[in-house]
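Welcome, and thanks for taking a look at this one with me. Here are some notes to read alongside the structure, point by point.

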Amino acid sequence: MAIAEFSPSHTETRFLSSQFSLSASRRLYNRRTFSSLPLPRPQNAKVLCSIAPNQVQEPVTATVNETKNKECFGVFCLTYDLKAEEETKSWKSLIKVAVSGAAGMISNHLLFKLASGEVFGPDQPIALNLLGSERSFQALEGVAMELEDSLYPLLREVSISIDPYEVFQDAEWALLIGAKPRGPGMERSALLDINGQIFAEQGKALNAVASRNVKVIVVGNPCNTNALICLKNAPNIPAKNFHALTRLDENRAKCQLALKAGVFYDKVSNMTIWGNHSTTQVPDFLNAKINGMPVKEVIKDTEWLEKEFTEKVQKRGGALIQKWGRSSAASTAVSIVDVMKSLVTPTPKGDWFSSGVYTNGNPYGIAEDIVFSMPCRSDGNGDYELAKDVIIDDFLRARIKKTEAELLAEKRCVAHLTGEGNAFCDLPEDTMLPGEQ
Ligand SMILES: NC(=O)C1=CN([C@@H]2O[C@H](COP(=O)(O)OP(=O)(O)OC[C@H]3O[C@@H](n4cnc5c(N)ncnc54)[C@H](OP(=O)(O)O)[C@@H]3O)[C@@H](O)[C@H]2O)C=CC1
Ligand SMILES: O=C([O-])CC(=O)C(=O)O
């Protein structure tokens, strides 16, 4: 029976909402892909809502791929004949995106943006492979249920698992968000160690099973050093493919400059965040522009730029926590989307974006072999080059040195996780995440 003919009777209304979500999502899907195909009957479809077979007519067009049942979720276990899709060539082949900490606050915003096509566009189907833990598994099921109920036509597969080797299998993007938050009284060295172990394990898993060209965005804090640990444990994946998220800091800096200059924030460009995603990060007002002009020519208040602006950006995460009672989640998800988009679309001419990337032959004299936020440009193929047309004065150099020293100290703390011998932890006293104050 074709989907279009599905019309439950009044006595079946109780099942309408749940069953409707199943059929309606496929209806959207069908319109764009194989509207004229003969529709196969379902065979033991593993769906979230169980419906007695004698109470409704079989409405779905799918079969179940038995081998996928262990990993896939609910409606996403259904397999469709995509031949027509291939023939029309109107769809691209599926992109697999793996997300850790998928039951957390950031993911709760991010997954829905990804599924809606915000990053890869309206003709790009995606699969979401979600990583949780025993602690979060039920919540993860809830997240997957909400994804089902959202009827996203681009979302073709959702799987949930607590095994990174399963979740990262063939992943082309890995968004590593899950990390233990720093609790009261916890030493930063302890945080580096606990979270470092998570990222060492995930690096190994990526190395073993992910696409050889997987792009990895590390969000879980301390994200720069977690990214370093991750890439060191994934020697078969280019180190250049690993990013630590500093785009949120860039966005925060643009917002503050726009506010001070009284312009809309899209007028602010060339905004670099240098260094660590911590309170030593350096929002670079020397190279940033407003309406194409150097910031210092638009905002003539140097003291404000050096002190108030810089500190505001460095501590924005903490200010937000004080108001909201938890760390930035929605704006972090937005910034993850932003950095992904920046990697898959050409950077506007003359502009750049910030990302924490591996220092390996950088033109700025920054120590090698750490993950340091720098200005990047992409031609839209997922890769990037460092911007060369930047100037560095004494003020900026001194600030960059401070954040560099912090990252080198963090690196010494995790030597046992990067395969570089014994750890020695001598972190500067004031080392803090943006959310800590
Ligand atoms: N780089 C950036 O700009 C920003 C980074 N962050 C960082 O992103 C991370 C996630 O933030 P958010 O989603 O709000 O956090 P949540 O607390 O909502 O979720 C974090 C997830 O981490 C996982 N996790 C892994 N190990 C542990 C552990 N030992 N104890 C508790 N939870 C653990 C949990 O999932 P599970 O049980 O499934 O593993 C949990 O769902 C944090 O590290 C935060 O500091 C936040 C804002 C900005
Ligand atoms: O410290 C945190 O967890 C929050 C954070 O990174 C930020 O808001 O930039």
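1. Let's begin with the whole chain. Of the 437 residues in the protein, 45% are buried. Please keep in mind that this is a predicted model. The secondary structure amounts to 14 helices and 16 strands. Where contacts join residues at least 6 apart in sequence, 72% of them link residues at least 24 apart.

2. Next, ligand 1. It has 26 residues around it, and the nearest are G104, M105, S136, G178 and K180. Sorted by class, this shell holds twelve nonpolar, twelve polar and two charged residues.

3. Which residues surround ligand 2? They are N221, L248, G317, S327, S328, L433, P434 and G435. Three residues of this shell are nonpolar and five are polar, with no charged residues. Two of the names return below: N221 at a cis peptide bond, and L248 in a contact between helices.

4. P222 itself sits in the loop that runs between β7 (215-218) and α7.

5. How much of α7 is covered? The helix is mostly covered, with ten of its ten residues buried. Among them are C223, N224, T225 and L228, and even K232 is on the list of buried residues.

6. Helix α7 (residues 223-232) packs with helix α13 (residues 394-413) at an angle of about 50°, and their axes are 10 Å apart. The two helices are therefore oblique to each other. Their crossing is right-handed. On the α7 side the contact uses N224, T225 and L228, while α13 brings L407, E410 and K411. By class, these residues of the contact of α7 with α13 are two nonpolar, two polar and two charged.

7. Against helix α10 (residues 302-314), the angle is about 135° and the axes lie 9 Å apart. So α8 and α10 are oblique to each other, and their crossing is right-handed. The contact is formed by D249, R252, A253, Q256 and K260 of α8 together with W304, F309, K312 and V313 of α10. Four of the residues in this α8 and α10 contact are nonpolar, one is polar and four are charged.

8. How do α8 and helix α12 (residues 330-344) pack? Their angle is about 105°, with the axes 8 Å apart. An angle from 65 to 115 degrees counts as roughly perpendicular, and α8 and α12 are therefore roughly perpendicular to each other. Here R247, L248 and N251 of α8 meet S331, T332, S335, D338 and V339 of α12. By class, the contact of α8 with α12 has two nonpolar, four polar and two charged residues.

9. Is N270 buried or exposed? N270 counts as buried because it has 22 C-beta neighbours inside 10 Å. Leaving aside residues up to four places away in sequence, N270 touches N287, A288, K289, D351 and W352. S327, one of the residues around ligand 2, is 57 residues from N270 along the chain, and their C-alpha atoms are separated by 26 Å.

10. E297 belongs to helix α9 (residues 295-298). With 10 other C-beta atoms within 10 Å, E297 is exposed.

11. L151 has phi near 55° and lies in the loop between α4 (137-149) and β5 (155-161). L151 is partly exposed, with 19 other C-beta atoms within 10 Å. N291 has phi near 50°, and its place is the loop between β12 (289-290) and β13 (293-294). N291 is exposed, because it has 12 other C-beta atoms within 10 Å.

Technical notes
Residues numbered from 1 in each chain as written. Chains lettered and ligands numbered in written order. Predicted model: local features only at pLDDT ≥ 70, side-chain atom pairs only at ≥ 80, totals over all residues. Near = placed C-beta within 6 Å. Nonpolar A, V, L, I, M, F, W, Y, C, P; charged D, E, K, R; others polar. Axes fitted to C-alpha atoms, helices over the stretch in contact; angles between N-to-C directions. Helix = DSSP H or I, 4+ residues; strand = E, 2+ residues; numbered from the N terminus. Parallel < 35°, antiparallel > 145°, perpendicular 65-115°, else oblique. Left-handed = near helix turned anticlockwise from the far one by under 90°. Contact = placed C-beta atoms within 7 Å. Buried ≥ 20, exposed ≤ 12 C-beta atoms within 10 Å, placed from the backbone.
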